[in-house]
Amino acid sequence: MFDFLNAVYLAAILFSSITMYPVGETAVPIQLGGAVELRFVREWWRDDGDGKCSYTGMVVPFDRTWPEEVDRGGERVILPPEPGKIAGYVAIINRKRCKDKEAEVILRAGVVRTRTLLFGSRGPQVDKHTFFPAGDMLETPAEKIQPWFPQIVERLERLSEQDEAAKAFLDTSASELATVLPARNGKPQATVQVQESTDTVTSDNQLLN
């Protein structure tokens with residue numbers, strides 16, 4: 001079921017979104033304190049498609065700490081927040097790399113579907129079948145930024161104390177994140193936030209062991 005907030009988000013980024021396909025089969029974190037580094041591609045027939053360009057980023061879970069409006073048989077229903085429970089996963093992408101060119105700075109994000117194989121034991125995963133629209137966060141108006149976006153950035157900040165991939169992502173994207181989330185300028189780093197947070201910070205490598 002498509003939730004109303006995501007429908008609004010998709011409408012806002014309609015003209016700036018592109019479809020992304022996760023590369024390979026990657027298990028996603030089953031705890032809120034996890035994240036996993038991932039590579040993405042576009043359709044092969046595009047000028048920047050698979051085989052010519054690739055994209056890198058992170059997949060981060062989020063919990064819904066806000067009310068959600070959903071459509072149930074034509075009736076709008078307001079669901080209460082469900083903090084502490086994974087509501088979905090966001091792919092946040094910060095680099096585009098093409099053959100014979102320098103890496104391009106970008107910042108795209110979108111809610112990525114997951115699926116669990118019928119006879120699989122890995123749990124939920126993302127793969128080429130869980131493609132999703134990734135909006136250009138640098139072109140998204142401030143009032144259209146979805147609440148899951150600052151949440152996953154904060155989660156990466158906490159995780160960066162233990163996870164090198166999360167730390168590298170934040171270091172690489174510091175300027176772009178400051179543009180989209182101006183309140184991050186001068187914000188205390190993860191050491192302080194970990195003390196104040198009740199989240200269990202676990203790297204994806206720990207989750208898969």
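A residue counts as buried when its relative accessible area is under 20%, as exposed when it is over 50%, and as partly exposed in between (1.4 Å probe, protein chains only). What you're looking at is a predicted model, where local features need pLDDT of at least 70, side-chain atom pairs count only at pLDDT 80 or more, and totals for chains, interfaces and linings use all residues. Residues are numbered from 1 along each chain as its sequence is written, and side-chain values use heavy atoms, with hydrogens and water left out.

**The chain overall**

- The protein chain has six helices and 10 strands; helices (H or I, at least four residues) and strands (E, at least two) are DSSP runs, numbered from the N terminus.
- Take contact to mean heavy atoms within 4.5 Å. Then, among contacts between residues at least 6 apart in sequence, 63% join residues at least 24 apart.

**How confident is the predictor?**

- pLDDT is the predictor's confidence in each residue, from 0 to 100. The chain's mean pLDDT is 84, and 80% of its residues reach 70 or more.
- Among the elements of the chain, strand 4 has the highest mean pLDDT (98), and helix 5 (residues 190–196) has the lowest (33).
- Over residues 188–209 the pLDDT is below 50, and this stretch has 41 contacts in the model beyond near neighbours in sequence.

- Which residues of helix 3 (residues 164–172) are buried? They are Ala165, Ala166, Phe169 and Leu170.
- Look down the axis of helix 3 and its buried residues fall within an arc of 130° (taken from the directions from the helix axis to the C-beta atoms), so they line one face of the helix.
- Here's the background: an α-helix has 3.6 residues a turn, so residues three or four places apart point the same way.
- The face turned away from the buried side of helix 3 carries the exposed residues Glu164 and Asp171.
- The buried residues of helix 3 pack against strand 3 (36–41), strand 4 (53–63), strand 7 (86–98), helix 2 (148–159) and helix 4 (174–180).
- At the start of helix 3, the backbone nitrogen of alanine 165 has a side-chain oxygen of aspartate 163 within 2.9 Å.

**Aromatic rings**

- Rings of Phe, Tyr and Trp (its six-membered ring) pair if their centres lie within 6.5 Å; planes under 30 degrees apart count as stacked, over 60 as edge-to-face and the rest as tilted. The structure holds three such aromatic pairs.
- One of them joins tyrosine 21 and phenylalanine 131: the ring centres are 5.2 Å apart and the planes are at 40°, so the pair is tilted.
- That pair links distant parts of the chain, with tyrosine 21 in strand 1 (residues 18–22) and phenylalanine 131 in the loop between strand 9 (125–126) and strand 10 (132–136), 110 residues apart.
- Tyrosine 21 is partly exposed at 21% relative accessibility, and phenylalanine 131 is partly exposed with a relative accessible area of 40%.
- Phenylalanine 62 and tryptophan 66 form a stacked pair, 6.2 Å centre to centre with 10° between the planes. Phenylalanine 62 is buried, at 6%, and tryptophan 66 is buried too, at 12%.

- Glycine 88 has its place in strand 7 and is buried, at 13% relative accessibility. It touches Val60, Pro61 and Phe62, not counting residues up to four places away in sequence.
- The C-alpha atoms of glycine 88 and valine 112 are separated by 7.7 Å, though the two are 24 residues apart along the chain.
- Is aspartate 100 buried or exposed? It counts as exposed, at 84% relative accessibility, and it sits in the loop between strand 7 and strand 8 (104–112).
- Aspartate 100 has phi near 65°, a positive value in a residue other than glycine. Most residues other than glycine have a negative phi.
- Glutamate 25 lies in the loop between strand 1 and strand 2 (26–27) and is partly exposed, at 46%.
- Leaving aside neighbours within four places in sequence, glutamate 25 is in contact with Arg122, Gln125, Val126 and Asp127.

Terms used
Polar contact = N/O pair within 3.5 Å; in protein donor to acceptor, adjacent residues only side chain to side chain.
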